[in-house]
Amino acid sequence: MKKSYELVVIGGGPGGYVAALHAAELGKKTALIEADFLGGTCLNRGCIPSKTYLKHSEIIEQIEKAKEWGIETGSLTLSFDKMKKRKNDVIERLRGGIAFLLKQGKIDVYNGFGSLLADGSVRVETEAGEEMIQAEKVIVATGSTPAVPPIPGLDSVNYHTSDTIFDLPDIPKSAVIIGGGVIGVEFATIFASLKTEVTIVEAADRIIPTEDAEASKFLAKVLKKKGIKLHVGAKVQKVEETAGIKTVICVDAKGKEISLEAETLLVSTGRRPNFSAVTEVSLEQNGPFLNVNDQMETSMANVYAVGDVIGGWQLAHAASAEGVVAANNAAGIHDRIDYKVMPRCIYTLPEIASVGLSEDEAKKQGIEVRTEKFDFAGSGKALSAGEPEGFTKLIFEAKYGEIIGVVMAGSHVTEMISEASAFMYLEGTVEEAAKMIHPHPTISETFFEAAVKAAKKLKKEVQYV
């Protein structure tokens, strides 16, 4: 006899396990199916391992900077084996934490491949064999895999993606990174701190092309100071490998051919949805992704989808938020996803963080906006910490001053962006932000200082009118 569940979640990443835990809290008999490790891409091959390495990078940079402050440490030695061990320890500890929570929630976990069938049942393929389980509702949270473009010669070259780059046995002497988006610039930062010669090739006219143009310009300047070479507006024509050396042939924005050589090649050109769980059913698509409404419902009754498989932000915290919405609706509690306040973080050194609309996006929507910026160079905490590079920029509605977007560039801004998110969630104005007392000295004061400047200008404009 088939085991029966009120909800079956296929995929144990941040969308899937959060959905399962939430459903269990609502009293639903829940099963979770995961073919690999719990935690998905974020925990095992993405957010967590890269942030662990980035912390190593930050320490290396701080040690080097400290020499200018009269703090000498002698020659710096690096043990890549110990760095990898620490990264693996962090991952395993967090995996164990997720497993504990699922067990505590009395959620049945199947380690195998889950496939949704037309009658609503789910086939689970494990090492022990095949098992069928019945589901009243199903949430598909199968994530994504690295997208590899059809570059001539790539199939005969030993290259890495974000899934395999963490398995490098040694620190490479040189690396070419195809793709200057979030993944590319983060790995460039890691490699540069390890003294790898790094080159980024980006087809768009700037790195992190989906983010604020001013933040992109700021980051490009910082990366160049780290010795990272940038080729933007460059199209890769082909790749070759000879005696372990990879050669990337590309054409720049002016039509000039460029040949780049490196020991390691990383392809970071986005991600594609993983449809492995839904190949036997016909679900409506939105471009290459599964199509859902704002309740996370697919075109098949009682089937929901969340996370990278539906496209959109493709962020771990977005997947978790979608997972909660899907679980609520699956449990009969009406809920809708709201992407208005979705923070976005880039963990380079220094960092980039943003939330809400950019200035260009707001103007495209016909919103009359103003912007105000406060540079970290005017922050006592940033100066004393030796981190004066960066800015906080507010994008606000011109008439009433409601904050509709914030961009931050600089040290620790990924920790600071939530203050901006809270103001936007509560539909706060620059005038209200200017009245909020901040501790001094802190880098978070830059949000307050930008708001003070914005509120004064807005007041003058109103008086003038």
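Which helices each supply at least two residues of the lining of the second largest pocket? Before selecting them, note that this is a predicted model, in which local features need pLDDT of at least 70 and side-chain atom pairs count only at pLDDT 80 or more, while totals for chains, interfaces and linings use all residues. Residues are numbered from 1 along each chain as its sequence is written, and side-chain values use heavy atoms, with hydrogens and water left out.

**The second largest pocket**

Select helix H3 (47-66), helix H5 (182-193), helix H6 (213-225) and helix H10 (413-425): each of these gives at least two residues to the lining. Helices (H or I, at least four residues) and strands (E, at least two) are DSSP runs, numbered from the N terminus. The greatest contribution is that of H3, with nine residues. Next, centre the view on Glu58, Glu61, Lys226, Leu349 and Pro350, which lie nearest the centre of the pocket among its 30 lining residues. The volume is about 930 Å³.

On a 1 Å grid over the protein atoms alone, a pocket is an open set of points with protein on both sides within 12 Å along at least five of seven lines, a cavity is a set where a 1.4 Å probe fits but cannot get out, and lining residues have an atom within 4 Å of a point. Grid points are joined across faces, edges and corners, and a volume is the space filled by probe spheres set on the points.

Colouring the pocket lining by class gives 10 nonpolar, six polar and 14 charged residues. Here Ala, Val, Leu, Ile, Met, Phe, Trp, Tyr, Cys and Pro count as nonpolar, Asp, Glu, Lys and Arg as charged, and the others, Gly among them, as polar.

**Backbone at Leu349, Pro350 and elsewhere**

Stay with Leu349 and Pro350: the peptide bond from the former to the latter is cis, with omega near 0°. Pro350 belongs to the loop between strand E19 (344-346) and strand E20 (351-356). Then move to His440 and Pro441, which are also joined by a cis peptide bond with omega near 0°. Pro441 sits in the loop between helix H11 (430-435) and helix H12 (445-464). Lys195 is in the loop that links H5 and strand E9 (197-202). Most residues other than glycine have a negative phi, and most peptide bonds are trans.

How many cavities of 30 Å³ or more does a search of the whole structure find? There are two. For the largest, select Tyr53, Phe80, Ile165, Phe166, Leu168, Phe187, Ile190, Phe191 and Leu194, which form its lining. The volume of this largest cavity is about 70 Å³. H5 provides the largest share of the lining, three residues. By class, the lining has nine nonpolar residues, no polar and no charged.

For the second largest cavity, select Gly307, Asp308, Gly311, Trp313, Gln314, Leu315, Ala318, Ala319 and Glu322. Its volume is about 40 Å³, and its lining divides into four nonpolar, three polar and two charged residues.

**Helices H1 and H7**

Display helix H1 (residues 16-25) with helix H7 (residues 316-330): they pack at about 35°, with axes 8 Å apart. Axes are lines fitted to C-alpha atoms, for helices over the stretch in contact, and angles run from 0 to 180 degrees between N-to-C directions. Show the side chains of Val18, Ala19, His22 and Ala23 on H1, and of Ser320, Gly323, Val324, Ala327 and Asn328 on H7, which make the contact (heavy atoms within 4.5 Å). This set holds five nonpolar, four polar and no charged residues.

**Strands E11 to E13**

Finally, select the open three-stranded sheet, ordered E11-E12-E13 with antiparallel pairing; two strands pair if DSSP finds at least two bridges between them. Strand E11 (235-242) and strand E13 (257-262) are the edges, each with a single partner strand, so one side of each has no neighbour in the sheet. From one strand to the next, the twist averages 20°. E11 and strand E12 (residues 245-251) are joined by seven bridges, and Val236 has Cys250 in E12 as its bridge partner.
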